[in-house]
Amino acid sequence: MVDTRLSDELEALRKTVAEFARDEVAPVIGEYYETDSFPYGIVAKMGEMGLFGLPFPEEHGGMGGDYFALCVALEELARVDSSVAITLEAGVSLGAMPIYRFGTAKQKRTWLPDLCAGRRLGAFGLTEPGGGSDAGATRTTAVLDGDEWVINGTKAFITNSGTDITAVVTVTAVTGRAPDGRKEISAILVPAGSPGFTVSKKYSKVGWNASDTRELSFSDCRVPAGNLLGARGRGYAQFLSILDEGRIAIAALAVGLAQGCVDESVRYAREREAFGRPIGANQAIAFKVADMEVRAHTARLAYYDAAARMLRGEPFKRQAAVAKLYASEVAVTNAREATQVHGGYGFMNEYPVARMWRDSKILEIGEGTSEVQRMLIARDLGL
Ligand SMILES: Cc1cc2nc3c(=O)[nH]c(=O)nc-3n(C[C@H](O)[C@H](O)[C@H](O)COP(=O)(O)OP(=O)(O)OC[C@H]3O[C@@H](n4cnc5c(N)ncnc54)[C@H](O)[C@@H]3O)c2cc1C
């Protein structure tokens, strides 16, 4: 049976996060964007609310929910601000989830309680300066020397990797060659502050200005052999499955941004007058907003479907790619249209839609570009 209503529990979560975003994020987030600074206070509150622990069992310090609960929270946060939403998305989906899914009991004990509580953040270092889409082209290497991995290489654009509360970055590295000559890629946990691990200064970004994105370099960086995450040589398969899930979360975030554009446009179109009446009284504007709502709603259904398949244990790779591709393009279109509805004010940073416009573009790039999503969908269709 098709039923897209949220359960009472999820509806309560949605309302709580929506109120938090409206009351505690919206009034202050603009200042963090202006100064390109990380909102530690907001992240701490998100931690206290249990958002970083949503999809993890209580035994690891989580809330005992599931991945869909995370998506619902991401949507409501992104409806107001994408920086705090991506900090949560990356912290959970890229930071803690690989440890939960592939870690040993000791690794889980070491890292998950703080990551689930939002006291510390985790990050995932896959992309390199030489390329992100072709993730198998990893150049970073890790060589086992006695009981330590010695890591050399550089990672680019890594979210949450250089905050004061960053605890650990999982990096992919070439650890050898398979018998058929292909690269053996493994995932290794690198604690913040490890010798030989350097975090560069923040990038100057077009959007997501209140989130942390850094280049990381590893120069004879040594970590214990026990920091291998999952089986040696399984790093490639591991991150592919992490990214499949992550696409649903990014789709949820994109839907939030797209819906936020509707919220802001309705508000503005009712208030702003031109030619003696509210601009929303013109069908040219009203239809624009109606089309924005259509796109946000249909994109939401796409990510609900992908999440439902995932939770039922069915294949969901194609649906996750569909949801991510569609929702991110919807977000970009809605942000452009919302800016248009706002006229000149839409180009002013103090207006939320200006932030949404700047924040939207990365959704078509991060965690697999639109071209990569189309490649995945076409491949799954047998092309
Ligand atoms: C703000 C931000 C945060 C990020 N956070 C993280 C993070 O936490 N961890 C992480 O590992 N990475 C992160 N990334 C990296 C992101 O995932 C990559 O930027 C993305 O995967 C694209 O890789 P690239 O930038 O190297 O582009 P490229 O792979 O060089 O692609 C350039 C262009 O070529 C296209 N292209 C490439 N190959 C093909 C093909 N075969 N067919 C058609 N078109 C193709 C791409 O779609 C794109 O349009 C982040 C990036 C940003 C900007």
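This is a predicted model: local features need pLDDT of at least 70, side-chain atom pairs count only at pLDDT 80 or more; totals for chains, interfaces and linings use all residues.

Tutor: A residue counts as buried when its relative accessible area is under 20%. Asn227 sits in the loop between strand E7 (213-224) and E8. Leaving out residues up to four places away in sequence, Asn227 touches Gln107, Ala187, Ile188, Leu189 and Pro191.

Next comes strand E5. E5 spans residues 183-191, and eight of its nine residues are buried, so E5 is largely enclosed by the rest of the structure. E5 pairs with strand E8 (residues 228-229) in the antiparallel sense, over two bridges. Ala187 has Leu229 as its bridge partner in E8. Ala187 is also one of the residues that Asn227 touches.

E5 has another partner, strand E4 (residues 166-177). This pairing is antiparallel too, and runs over nine bridges. E4 and E5 form a hairpin, with five residues between the strands. Gly181 lies in the turn and has a positive phi of about 90°.

From E4 we move to strand E1. E1 and E4 pair in the parallel sense, over five bridges. Gly125 stands opposite Val171 in E4. E1 covers residues 121-125, and five of the five are buried, so the strand is largely enclosed by the rest of the structure. Leu121, Ala123 and Gly125 point one way from E1. Gly122 and Phe124 point the other way. Both sets are buried.

Now the helices. Two packed helices are described by the angle between their axes and the distance between the axes. Take helix H7 (residues 235-271) with helix H8 (residues 283-311). Their axes come within 9 Å and cross at roughly 160°. That angle makes H7 roughly antiparallel to H8. The crossing of H7 past H8 is left-handed. By class, this contact has 18 nonpolar, two polar and three charged residues. On the H7 side, the residues include Glu245, Ile248, Ala252, Val255, Gln259, Val262 and Ser265. Those they meet in H8 include Ile285, Val289, Met292, Glu293, Arg300 and Tyr303.

H7 also packs against helix H10 (residues 352-360). The axes of H7 and H10 come within 10 Å and cross at roughly 155°. H7 is therefore roughly antiparallel to H10. The crossing of H7 and H10 is left-handed. H7 contributes Leu257, Gly260, Cys261 and Glu264 to the contact. H10 contributes Pro352, Val353, Met356, Asp359 and Ser360. By class, the contact of H7 with H10 has five nonpolar, two polar and two charged residues. Cys261 of H7 takes part here, and Cys261 is also among the H7 residues that meet H8.

Finish with the burial of H10. Val353, Ala354, Arg355, Met356, Asp359 and Ser360 are buried in this helix. What covers these residues includes helix H2 (29-34), helix H5 (82-102), H7 and helix H9 (317-341). Val353, Met356, Asp359 and Ser360 are among the H10 residues in the contact with H7.

Note on methods. Residues are numbered from 1 along each chain as its sequence is written. Side-chain values use heavy atoms; hydrogens and water are left out. Axes are lines fitted to C-alpha atoms, for helices over the stretch in contact, and angles run from 0 to 180 degrees between N-to-C directions. Helices (H or I, at least four residues) and strands (E, at least two) are DSSP runs, numbered from the N terminus. Angles under 35 degrees count as roughly parallel, over 145 as roughly antiparallel, 65 to 115 as roughly perpendicular and the rest as oblique. A crossing is left-handed if the near helix is turned anticlockwise from the far one by less than a right angle, and right-handed if clockwise. Contact means heavy atoms within 4.5 Å. Ala, Val, Leu, Ile, Met, Phe, Trp, Tyr, Cys and Pro count as nonpolar, Asp, Glu, Lys and Arg as charged, and the others, Gly among them, as polar. Buried means under 20% relative accessible area, exposed over 50%, partly exposed in between (1.4 Å probe, protein chains only). Two strands pair if DSSP finds at least two bridges between them.
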